[in-house]
Amino acid sequence: MSKIRRSSYSASEKLKILKYAKNHGQREAARHFSIDHSMISRWKNREDKLKSAKGESRRIGAGRKANYPEAEASLKNWLIELQNDGIAVTSKVAKFYMKEVLIGEFAQVYPDGENFLASERWLYGFIRRNGFSLRRKGQNDMMKAVHESAMQDELRSGS
């Protein structure tokens, strides 16, 4: 048997191979796609994670996990509420809120929370883990704010 070259498969490709394996058997699927049958077995064990992953993702379950998942969930909910109200949050405010949540609300769950350092690296990891993005006000937003400010000034001077 020839040496099989290593390659990486996306979640959608793995699911396609698993579907073929269910219909034709694991060994037949391994021969058909020129992969080792043990890979199919591993993918089969992680099929639920593969189904929940984005189609082109190649690293399912990879990456650093949150050290304070419950506190981060609280921060995420708070940020979503503010976002729905149209309130922008700076990175300093998000870091401060996380530190306060760890010291106050989750002090019993995370006794080492007072040692938490809200670094830039933690913030960017939190943003990536939760699907947020950092945005600046665009030109349209700035013009809208200027227009609203002018309208308020006009209303004050007219009344």
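Close-up 1. Lys-95 has a relative accessible area of 14%, and that makes it buried (under 20%; exposed is over 50%, partly exposed in between, with a 1.4 Å probe and protein chains only). This is a predicted model: local features need pLDDT of at least 70, side-chain atom pairs count only at pLDDT 80 or more, and totals for chains, interfaces and linings use all residues. Residues are numbered from 1 along each chain as its sequence is written, and side-chain values use heavy atoms, with hydrogens and water left out. Lys-95 sits in helix 6 (helices are DSSP runs of H or I with at least four residues, strands are E runs with at least two, both numbered from the N terminus). Leaving aside residues up to four places away in sequence, Lys-95 touches Ala-118, Ser-119, Glu-120, Trp-122 and Leu-123 (contact: heavy atoms within 4.5 Å).

**Close-up 2. Helix 6 packs across helix 7.** The two axes are 11 Å apart, at an angle of about 95° (axes are lines fitted to C-alpha atoms, for helices over the stretch in contact; angles run from 0 to 180 degrees between N-to-C directions). Helix 6 is therefore roughly perpendicular to helix 7 (65 to 115 degrees; under 35 is roughly parallel, over 145 roughly antiparallel, the rest oblique). Helix 6 brings Ser-91, Ala-94, Lys-95 and Met-98 to this contact. Helix 7 answers with Glu-120, Trp-122 and Leu-123. By class, the contact residues are 4 nonpolar, 1 polar and 2 charged (nonpolar: Ala, Val, Leu, Ile, Met, Phe, Trp, Tyr, Cys and Pro; charged: Asp, Glu, Lys and Arg; polar: the others, Gly among them).

Close-up 3. Helix 7 spans residues 120-130. Trp-122, Leu-123, Gly-125, Phe-126 and Ile-127 are its buried residues. They pack against helix 5 (69-84) and helix 6 (91-103). Just past the end of helix 7, Gly-131 takes a positive phi of about 75°.

**Close-up 4. Ser-74 is a buried serine in helix 5.** Ser-74 belongs to helix 5. Its relative accessible area is 14%, so Ser-74 counts as buried. With residues up to four places away in sequence left out, Ser-74 touches Tyr-97, Val-101, Glu-105 and Phe-106.

**Close-up 5. Helix 2 and helix 3 make a right-handed crossing.** Helix 2 covers residues 26-33, and helix 3 covers residues 37-45. Their axes come within 8 Å and cross at roughly 115°. The crossing is right-handed (the near helix is turned clockwise from the far one by less than a right angle; anticlockwise is left-handed). Gln-26, Arg-27, Ala-29 and Ala-30 of helix 2 meet His-37, Ile-40, Ser-41 and Lys-44 of helix 3. This contact holds 3 nonpolar, 3 polar and 2 charged residues.

**Close-up 6. Lys-22 is an exposed lysine in helix 1.** Helix 1 runs over residues 11-24 and includes Lys-22. Lys-22 is exposed because its relative accessible area is 57%. Lys-22 and Lys-44 are 22 residues apart in sequence. In space, their C-alpha atoms are 9.8 Å apart.

**Close-up 7. The whole chain sets the context.** The protein chain has 8 helices and 0 strands. Of its 159 residues, 23% are buried. Among contacts between residues at least 6 apart in sequence, 60% join residues at least 24 apart. The accessible surface is about 12500 Å², and carbon and sulfur atoms hold 50% of this surface (Shrake-Rupley method, 1.4 Å probe; for residues, only the protein chains shown count as cover).
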